[in-house]
Amino acid sequence: MCVSLQKITMSVKNHYMSLPKGTYCQVTYVWISEDKESLRSKTKTLCKEPAGIKDIPEWFAVSTNITELTLVPVKMFRDPFSLDPNKLVLCEVLDYKQVPAETTLRSKCVEVMEKVEKFEPWFGMEQEYFLLDLDRKPYDWPPGWSCCVGSEIIHGRDVATCHNLACLYAGIKICGYNPEAITSQWEFQIGPCLGIEMGDHLWMARYILHRVCEEFKVIATLDVQPVSGHLCPSGGHVNFSTKEMRSEGGLQYIEEAIKKLSRRHSHHLSVYDPHGGADNIRRLNSQTITSSFKEFSSAVAARDVSVRIPGQVFRSGHGYFEDRRPAANCDPYSVMIAMIETCLLGAADDDMEKNTNES
């Protein structure tokens, strides 16, 4: 689209956006699609601004196989696209039997979090992504360096900046963003969040990213490696801590949790991307500042390992650890469930599970 046409389009849009709407409020329902990767949405008009999530009614949608779904609002945000009083609302999906759809794990994640409330689990996620043109070709591919600056290296800064500002307006706990190691690759960070909150905020941040990209006529892809080769892939590194880990002497609890993670490596990889580990087979190849898919590893201040203890955490003796295995397109609810089950609920080791299944 030429510059002049873009200006005309924006001018027309701004006219309609400025029209008075009286007491009416638009609520955009957002939900996770059946593929556990993409998002869907539809907008409903309410007679007045909802004071809370209970004021937003359930609604209906149709799945890809033409089955009726019920959308149950679970988390409300301000709408950075049509502005106050309009809302974005994340929805749980129920099937025609009124039970959570098989493809959504939020309800299970809520149940797991309720079991470990006393531990006060905190999560954060570092969401990496690539920006592509509408023909799905990257902006440019000369290699750069993480956190670089300069028009010959960095592309898409306007997209990343606008996404950050839109998330702040919406009330999402976005704590930063930066260009990554390859031109047109970016990252934003969500957290720290208590329990289920991280999954809710990350999914809505992804939705906002795709909406911002619509405005710029580009595509944000969470594919772990949208172009083949030994280029830096995209991950969804997860930071995790409990009250004990964050307290004096917490390093001991961090090291204990990492030992537990080492014994369930294959299970975690099977739920750390939406395709049962197939995406991480492409990504975790030990050649692009990643760990190996085949083996678990951990270290202090290293980035080519499965789990990293940050240097400042090791020096202070308390804090958090980073699991670097989740893929960029992971379902955060799935990752959070696995982390809690392994680190806090005593889930069986991979070897024990294998032996039990064989017997």
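**Reading loops, helix pairs and a pocket**

User: I found Pro 85 in the loop between strand S4 (68–78) and strand S5 (87–94). What is the peptide bond from Asp 84 to Pro 85, and what is its omega near?

Analyst: Keep in mind that this is a predicted model. The bond joining Asp 84 to Pro 85 is cis, and its omega is near 10°.

User: Where is Pro 192 found? And what is the peptide bond from Gly 191 to Pro 192?

Analyst: Pro 192 belongs to strand S8, which covers residues 185–194. The bond leading from Gly 191 into Pro 192 is cis, with omega near 0°.

User: While I'm on backbone angles, which residue has a positive phi although it is not a glycine?

Analyst: Look at Ser 184: its phi is positive, about 80°, and it isn't a glycine. You'll find Ser 184 in the loop between strand S7 (174–179) and S8.

User: Which residues of H3 and H4 make the contact?

Analyst: From H3 come Asp 158, Val 159, Cys 162, His 163, Ala 166, Cys 167 and Ala 170. H4 brings Ala 205, Ile 208, Leu 209, Val 212, Cys 213 and Phe 216. Sorted by class, the contact of H3 with H4 has 11 nonpolar residues, one polar and one charged.

User: How are H4 and H10 turned: roughly parallel or roughly antiparallel?

Analyst: H4 and helix H10 (residues 332–343) pack at about 160°, and their axes are 9 Å apart. H4 and H10 are therefore roughly antiparallel to each other. Their crossing is right-handed. On the H4 side, the contact uses Met 198, Gly 199, Asp 200, Leu 202, Trp 203 and Arg 206, and on the H10 side Pro 332, Tyr 333 and Met 336. That contact of H4 with H10 divides into six nonpolar residues, one polar and two charged.

User: And H2 with H10: what is the angle, and is the crossing left-handed or right-handed?

Analyst: Helix H2 (residues 106–115) packs with H10 at an angle of about 30°, again with axes 9 Å apart. That makes H2 roughly parallel to H10. H2 passes H10 in a left-handed crossing. Arg 106, Lys 108, Cys 109, Val 112 and Met 113 of H2 meet Tyr 333, Met 336, Ile 337, Ile 340 and Glu 341 of H10. By class, there are seven nonpolar, no polar and three charged residues in the contact of H2 with H10.

User: How does the lining of the second largest pocket split by class?

Analyst: You get six nonpolar, seven polar and four charged residues in that lining.

Notes:
Residues numbered from 1 in each chain as written. Predicted model: local features only at pLDDT ≥ 70, side-chain atom pairs only at ≥ 80, totals over all residues. Heavy atoms only, no water. Nonpolar A, V, L, I, M, F, W, Y, C, P; charged D, E, K, R; others polar. Contact = heavy atoms within 4.5 Å. Helix = DSSP H or I, 4+ residues; strand = E, 2+ residues; numbered from the N terminus. Axes fitted to C-alpha atoms, helices over the stretch in contact; angles between N-to-C directions. Parallel < 35°, antiparallel > 145°, perpendicular 65-115°, else oblique. Left-handed = near helix turned anticlockwise from the far one by under 90°.
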